[in-house]
Amino acid sequence: MNFDLTPEQEELRARIRAFAATHVAPDYQAADARGAPRPGLYADLAGAGLLGLRIATGYGGLGRDAVSTGVALEELARADFNACYPALNAALIADVLAANGDQAQRDRWLSPIADGSAIVALCLTEPDHGTDAAAVEMRAEPDGDKGWRLSGVKSSIMLGGYATHGLVFARTGAAGPHGITAFYARLDDAHVARRTTTDVGNRSAGRAELTFDALPVDADDVVAGPGLGFVQVMRGFDYSRALISLICVGAASASLDEAFDHARERHAFGQPIGRFQGLSFPLVEHATYLHAARLLAYEALWRKDAGQDHRLAANMAKWWAPRAAFEAAHQALLTFGQHGWGDESPLGQRMRDVMGLEIGDGTAQVTKLVVARLLLGRDSAP
Ligand SMILES: Cc1cc2nc3c(=O)[nH]c(=O)nc-3n(C[C@H](O)[C@H](O)[C@H](O)COP(=O)(O)OP(=O)(O)OC[C@H]3O[C@@H](n4cnc5c(N)ncnc54)[C@H](O)[C@@H]3O)c2cc1C
């Protein structure tokens, strides 16, 4: 067993850390206050290769493995949690499109994602159906022999305010998972109305509700085939659960590192506050919980790269990491006392930001359900 990154992965980590420190971190809190990313951020992310991490080099991507994608996102999250959303969506959706598209579709779809001309969103959740995603009601009606028309509402779509394209799940058949088809659809179209929401955290990531009013989609933009949206395309999603875990770990680790520095530098009662066990042991515990979450997430990505079933580690990581990150970020803030409470530090924002991913991409309940089914078997699990 080897826990070291390869020299290429170490080089990527160092490069993304340097890029993020210069181009991303300085705007983390200002973007939150504005409620929008800085103009040019997505182009910069694309320029650094962050929107094409696993996209083949022939399409302008970096052609890296899943572990490398996790390394890059963990680093980016240390600088700006919300800048990870375009990279996360691009990683997941490009993976799904590459795995399920034919040659002509890959040729059309992948380069624009890697070069940042297509910003992509995952459009699954609806106002009445989140966890029970197989119940989606958005309709796809045949449109002569040209393709389809999508009608209905998607809610809670991260980057929904900015995305040019969406992986949209709509019903083409009977009730249940086998009646759902996935479409790769243009969103910057008059048939799509967007309403961005005002949120607890992730305020620069443009979470939005999208109303589709008979949006035309070409027959060539069906992913995998009619009726395969849920049963086939959704299989890619364990990958995003591991990546999300590392994004949460990265952001919370930044807060913990700052807390350890503060514990060395701040003095009370004539000594560094780190010398008080009541202060330093909770930090040690949270560093341990975060490290365990990190290892679970990298195990999932390593297994994906090895072509192995990675559902168990990915779903264990997804229920654990956002929770562990939230609690670590909270403890880090308390370590600063009065100096953690103000908006002059990013500590409070990190806490708000990581909390969103206790819900996004599946709550702890649904990911524990997956783990329970894997450990107990379907007949004995909830
Ligand atoms: C920050 C953020 C980002 C998101 N990004 C996206 C995105 O990009 N694209 C997208 O499509 N969606 C996105 N979502 C939506 C997200 O995936 C859903 O909110 C989530 O799946 C839960 O669905 P729901 O909110 O409708 O809650 P519900 O399904 O109504 O659940 C409500 C509560 O009941 C619990 N519950 C439901 N069913 C069960 C069960 N069987 N057993 C036990 N408990 C249960 C849930 O865990 C939850 O606590 C995002 C949400 C957030 C907050």
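The model is predicted: local features require pLDDT of at least 70, side-chain atom pairs count only at pLDDT 80 or more, and totals for chains, interfaces and linings use all residues. Residues are numbered from 1 along each chain as its sequence is written, and side-chain values use heavy atoms, with hydrogens and water left out.

**Annotated domains**

- From an unreviewed UniProt entry comes "domain: Acyl-CoA dehydrogenase/oxidase N-terminal" at residues 6–116; this span is 67% helix and 0% strand, with its end C-alpha atoms 27 Å apart.
- The record also places "domain: Acyl-CoA oxidase/dehydrogenase middle" (unreviewed entry) at residues 121–214, a stretch with 0% helix, 48% strand and 19 Å between its end C-alpha atoms.

**Helices α4 and α5**

- The axes of α4 (residues 66–79) and α5 (residues 84–100) come within 10 Å and cross at roughly 165 degrees, which means that α4 is roughly antiparallel to α5 (an angle over 145 degrees).
- α4 passes α5 in a left-handed crossing (the near helix is turned anticlockwise from the far one by less than a right angle).
- In this pair, T69, L73, L76 and A77 of α4 meet C84, A87, L88 and A91 of α5 (contact means heavy atoms within 4.5 Å).
- By class, this contact has seven nonpolar, one polar and no charged residues.

**Helices α7 and α11**

- Helix α7 (residues 237–265) packs against helix α11 (residues 347–355) at about 155 degrees, with the axes 10 Å apart; the two are therefore roughly antiparallel.
- Their crossing is left-handed.
- C248, A251, A254, S255 and E258 in α7 meet L347, R350 and V354 in α11, a contact with five nonpolar, one polar and two charged residues.

**Salt bridges**

- Side chains of opposite charge can pair when their charged atoms come close.
- The model has 26 salt bridges (a side-chain nitrogen of Lys or Arg within 4 Å of a carboxyl oxygen of Asp or Glu).
- One of them joins E74 and R13 at 3.8 Å, N to O; this pair links distant parts of the chain, with E74 in helix α4 and R13 in helix α1 (residues 7–23), 61 residues apart.

Key:
Axes are lines fitted to C-alpha atoms, for helices over the stretch in contact, and angles run from 0 to 180 degrees between N-to-C directions. Helices (H or I, at least four residues) and strands (E, at least two) are DSSP runs, numbered from the N terminus. Angles under 35 degrees count as roughly parallel, over 145 as roughly antiparallel, 65 to 115 as roughly perpendicular and the rest as oblique. Ala, Val, Leu, Ile, Met, Phe, Trp, Tyr, Cys and Pro count as nonpolar, Asp, Glu, Lys and Arg as charged, and the others, Gly among them, as polar. UniProt positions are given in the numbering used here, feature names are shortened, and annotations may be inferred rather than shown by experiment.
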